[in-house]
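Dear colleague,

I am handing over the structure below, and after it I set out what was found there. Please read the text alongside the coordinates.

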Amino acid sequence: MQLEKHQVQTAANLEHAIEGAQDVVYFTHDYFANTSDKNNFIQATAKLSKKHGVKKLVAVCPLEHELYWSEDKHTPLEVRDNAQMSALQSFSNLTILNSNLVFGRDSYVFHFMTQCAAVGKIPKTLANSKTYQYKPVSIEDLSIAVETAFGQEHNGKRFSVNGSTSITLNELLHLIEKQVGRDSGSTKTRGSLFGLSDVIEEFFTGITHDKNMGRFAEFMEQHTPSIEAGSPDLFKTVGLKEKRSLADYFSQQKVKEEDLVFPIFTNYKMVSLD
């Protein structure tokens with residue numbers, strides 16, 4: 001199989017990437033660095049896939065990459081769901097995978113929390129998230145989910161991709177602290193910049209990674225949405241077994257200094273809200 005990777009930021013880039021392809025895997029990466037509105041992009045991808053005769057489109061939409069800091073901050077998942085349903089209506093050979101937190105290579109929230117634990121400070125909304133239960137899935141199992149989703153019997157459907165272990169972000173932080181050689185609970189928390197209001201802070205720093213992650217944790221903690229609502233668990237649906245558990249990851253994975261070199265810039269401004 002020949003694989004081509006495209007970083008897409010504009011409609012022209014998107015059409016160029018899709019033109020001539022038979023099978024397309026669409027990943028929404030971190031909102032800030034790659035696209036200004038991924039809810040529009042997934043709909044455009046579906047329409048262009050139909051236009052160019054793509055045989056199969058699989059869209060992977062990580063829960064942690066939604067925009068929780070916006071004019072839609074009270075309904076981010078509802079906005080996402082509406083966009084995804086529109087995309088499914090536009091292209092019948094689309095399968096959507098909404099993944100839970102992802103751990104392993106190329107993780108996002110996990111990687112950020114590991115960096116925070118290593119330096120000893122973390123946004124308080126992440127550290128104080130003690131109620132909502134996530135089900136982190138390994139990058140290996142997410143890859144299996146993508147491969148499975150290419151089956152034609154899954155066309156026109158949405159699934160969630162989850163691990164088997166339930167855990168809060170607070171509990172996760174304690175595991176990460178031990179992983180980086182710190183005492184459990186030793187990471188200090190920090191709040192808003194100088195205690196400023198959201199509007200003033202946005203003026204000075206823009207929409208940042210850590211701010212969006214903080215809003216993500218707040219939203220999940222306050223609203224406790226069901227990840228599987230409208231998106232049944234793929235592994236349960238097709239009878240797949242988890243390849244790598246969270247316990248395996250923390251018992252086998254040793255954090256090395258070079259693992260933390262690639263930063264998630266907390267002051268990296270988002271391109272646009274809409």
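Leaving aside its neighbours within four places in sequence, which residues is Ser231 in contact with? In this model, which is a predicted one, Ser231 is in contact with Asn98, Arg158, Phe159 and Ser160. Ser231 itself belongs to the loop that runs between α10 (209–223) and α11 (234–238), and because its relative accessibility is 1%, against a cut-off of under 20%, Ser231 counts as buried.

The sheet comes next. Four strands form an open sheet in the order β1-β2-β3-β7, and the pairing is parallel. Strands β1 and β7 (157–161) stand at the edges with a single partner strand each, so that one side of each has no neighbour in the sheet. Ignoring direction, neighbouring strands of this sheet are turned against each other by 15 degrees on average.

Within that sheet, strand β2 (residues 56–60) deserves a separate paragraph. Five of its five residues are buried, and β2 is therefore largely enclosed by the rest of the structure. Lys56, Val58 and Val60 point one way from the strand, while Leu57 and Ala59 point the other way, and all of them are buried. On one pairing, strand β1 (residues 23–27) joins β2 in the parallel sense over five bridges, with Lys56 of β2 as the bridge partner of Asp23. On another, β2 pairs with strand β3 (residues 94–99), again in the parallel sense, over four bridges; here Leu57 has Leu94 of β3 as its bridge partner, and Val60 stands opposite Leu97 in β3.

Turning to the helices, helix α1 (residues 11–18) has Leu14, Ala17 and Ile18 as its buried residues. Seen down the axis of α1, these buried residues fall within an arc of 90 degrees, so they line one face of the helix. The buried residues of α1 pack against α3, whereas the face turned away from the buried side of α1 carries the exposed residues Ala12 and His16. After α1 comes Gly20, whose phi is positive and near 90 degrees.

Two packed helices are described by the angle between their axes and the distance between the axes. For helix α3 (residues 38–51) and helix α4 (residues 76–90), the angle is about 5 degrees and the axes are 8 Å apart. The helices α3 and α4 are therefore roughly parallel to each other. From α3, the contact is made by Lys38, Asn39, Ile42, Gln43, Ala46, Lys47 and Lys50, and from α4 by Val79, Arg80, Ala83, Gln84, Ser86, Ala87 and Ser90. Sorted by class, this contact of α3 with α4 has five nonpolar, five polar and four charged residues.

Is Val180 buried or partly exposed? Its relative accessibility is 24%, and Val180 therefore counts as partly exposed. Not counting residues up to four places away in sequence, Val180 touches Thr114, Ala117, Ala118 and Val255. The C-alpha atoms of Val180 and Lys254 are separated by 7.9 Å, although these two residues are 74 residues apart along the chain.

With kind regards

Technical notes:
Residues numbered from 1 in each chain as written. Predicted model: local features only at pLDDT ≥ 70, side-chain atom pairs only at ≥ 80, totals over all residues. Heavy atoms only, no water. Axes fitted to C-alpha atoms, helices over the stretch in contact; angles between N-to-C directions. Helix = DSSP H or I, 4+ residues; strand = E, 2+ residues; numbered from the N terminus. Parallel < 35°, antiparallel > 145°, perpendicular 65-115°, else oblique. Contact = heavy atoms within 4.5 Å. Nonpolar A, V, L, I, M, F, W, Y, C, P; charged D, E, K, R; others polar. Buried < 20%, exposed > 50% of the residue type's maximum accessible area, 1.4 Å probe, protein only. Arc of directions from axis to C-beta. Pairing = 2+ DSSP bridges.
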